[in-house]
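Here are a few notes to read alongside the structure. They cover the aromatic contacts and then one of the pockets.

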Amino acid sequence: MHVKNLECAFCHREYEARRVYNVCAECGKPLLVRYDLKRISKILSRQTLYARRADLWRYRELLPVRREENIVSLGEGWTPLQHVKNLGAAVGVAELYVKDESLNPTQSFKARGMSVAVSMAKELGIQKLAAPSAGNAAGALAAYCARAGIPAYLFMPRDTPRANIIECEVTGAHVTLVDGLITDCGAEVARRKEDEGWFDVSTLKEPYRVEGKKTLGYELAEQSGWVLPDVIIYPTGGGTGLVGMWKAFDEMQELGWIGEKRPRMVSVQAAGCAPIVRAYDKGERFAEEVTNATTVASGLRVPKAIGDFLILDAIKESDGTAITVTDEELIAGARELARREGIFAAPEGGACVPALRKLIERGKVKPDERVVLFNTGSGIKYLDAFDDEVKARTPRQQKKSALGPALRP
């Protein structure tokens, strides 16, 4: 009842709410949900949240689902914001935190977006859902579709981590493996969706996944006493988490929950697939597609993001930056986070650690600032990436590892 309309993020054309849409019919860019925030502010305050359920649906009035019975939930959201003192001491930042999304259902932040997207599909009477995925989004869509009783059709690169593929098969999804990248999978969904009767829930090609992801911003503010951090370091593939948080900050300001101050948004990408970083370095608003994209962090292997301009706008408006790390660095970062803090991060989350070190070296992050790193998923789904790194070591290195190597400052 609090949704006003949908609005194109680029050309600002408005669309009537509660209809089925993918992208803007005028320009093909993402649609975003707009709320009657003045009305919401009269019935919802920061104080009223305290006694609510400990999942993302605590922000019920700020999400698009109208009827309670249409909510499809597995307990997603309200993940911990960990003060990582050991890692902070190692890098020289005392106020260092990790928002650990690995504790979501299906073990990644993708659960947030898929909970809201599948709930809206149920509410709008959509019968079949399809999506391309590099792994975790597929696992989340499969699980929430199983919960809702809606068939899921998933297209994944053939070299997707095996754990993701098995997860989707076990939860009853129709899985097709594609020789290529996630962009090739997306092309296959687009080619077949009309004939097959699928609704495409690709990243930012429907309006509701980003609504689930924006709850990252609400939680971060609430868990921080409504004072946002100085810097957010975010591993970026399709970028819905970063885009969603930026949307949440604007909504919270209009609600009167926070002020104008924003964190500096830092986009981290793998050196083998860095379209956002390249565009940022060139001062461009749109990113060119990367050819022959490679990285062991499958969630970062997104050669072209439909929301590229939204990511780059947030970086620019926040006086943030974009940075690359190598595969070797991001795996080492995940290992360090695990050894120092007990958080077995996905390679994407691990990428934030070397990114932080580079930012400190370049003077982009100061020791007295409050910094939040995002771990978007669990390392348990990427065992091959870590195992391959072990295999690449010399026998002497393997022996030292088995004895428990000392941590380097």
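1. First, the rule for ring pairs: rings of Phe, Tyr and Trp (its six-membered ring) pair if their centres lie within 6.5 Å. By that rule, this predicted model has 13 aromatic pairs.

2. Phe-286 has another partner, Phe-309, in a tilted pair at 5.7 Å centre to centre and 45° between the planes. Phe-309 belongs to helix α11 and Phe-286 to the loop between α10 and α11, so this pair ties together parts 23 residues apart in sequence. Is Phe-309 buried or exposed? It is buried, because its relative accessible area is 0%, and buried means under 20%.

3. Elsewhere, ring pairs join Tyr-59, Tyr-218, Trp-226 and Trp-257 into a cluster. Charges sit over rings too: the charged end of Lys-29 is 6.0 Å from the ring centre of Phe-10, and that of Arg-58 is 4.1 Å from the ring centre of Trp-78.

4. Now the second largest pocket, with about 650 Å³ of space. It is lined by 40 residues, and Ile-182, Thr-203, Gly-238, Val-302 and Lys-304 are the closest to its centre. Helix α6 gives the largest share of the lining, four residues. By type, the lining has 15 nonpolar, 17 polar and eight charged residues.

Key
Residues numbered from 1 in each chain as written. Predicted model: local features only at pLDDT ≥ 70, side-chain atom pairs only at ≥ 80, totals over all residues. Heavy atoms only, no water. 1 Å grid on protein atoms, 1.4 Å probe; cavity = no way out; pocket = protein on both sides within 12 Å on 5 of 7 lines; lining within 4 Å. Points joined across faces, edges and corners; volume = space filled by probe spheres on them. Helix = DSSP H or I, 4+ residues; strand = E, 2+ residues; numbered from the N terminus. Nonpolar A, V, L, I, M, F, W, Y, C, P; charged D, E, K, R; others polar. Phe/Tyr/Trp six-rings, centres within 6.5 Å; stacked < 30°, edge-to-face > 60°. Buried < 20%, exposed > 50% of the residue type's maximum accessible area, 1.4 Å probe, protein only. Lys NZ or Arg CZ within 6 Å of the ring centre and 35° of its normal.
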